[in-house]
Amino acid sequence: MVDERYEDRARSFDSWNTSGVRARVGAWHVPLADLLNATLSAGLRAVRFAEAGPGGVPDLFGFLAVR
């Protein structure tokens, strides 16, 4: 779910899964636009995008990019 922390780039250990990777080592959030723009700036070409999640609300995003 997107909330007021969307722009927060600080390291976070918040996780719904207490034994998951994020809870153990942390993660940094990157807004979607920054992720996609960095991909293009690196000279990669976006080929495909995908979302997945329960109940029609995606909580995973993936993409394929090639040089």
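In this predicted model, the mean positions of the 8 positive and 8 negative charges of the protein chain lie 12 Å apart, where Lys and Arg count as positive and Asp and Glu as negative, with His and the chain ends not counted. Local features need pLDDT of at least 70 and side-chain atom pairs count only at pLDDT 80 or more, while totals for chains, interfaces and linings use all residues. Residues are numbered from 1 along each chain as its sequence is written, and side-chain values use heavy atoms, with hydrogens and water left out.

The protein chain follows the pattern β-α-β-α-β-β along its sequence, with helices (H or I, at least four residues) and strands (E, at least two) taken as DSSP runs. Its radius of gyration, taken over C-alpha atoms, is 14 Å, well over the 11 Å that the globule rule (2.2 Å times the number of residues to the power 0.38) gives for 67 residues, so the chain is more spread out than a compact globule.

| Property of the protein chain | Value |
|---|---|
| Box filled by the C-alpha atoms, along the principal axes | roughly 35 × 30 × 25 Å |
| Share of the 67 residues that are buried (under 20% relative accessible area, 1.4 Å probe) | 9% |
| Share of contacts with a separation of 6 or more that join residues 24 or more positions apart | 18% |

S12 belongs to strand β1 (residues 11–12). Leaving aside its neighbours within four places in sequence, S12 is in contact (heavy atoms within 4.5 Å) with R22, G26 and A27. The C-alpha atoms of S12 and P58, which are 46 residues apart along the chain, are separated by 20 Å.

Key:
Buried < 20%, exposed > 50% of the residue type's maximum accessible area, 1.4 Å probe, protein only. Charge placed at Lys NZ, Arg CZ, Asp CG, Glu CD.
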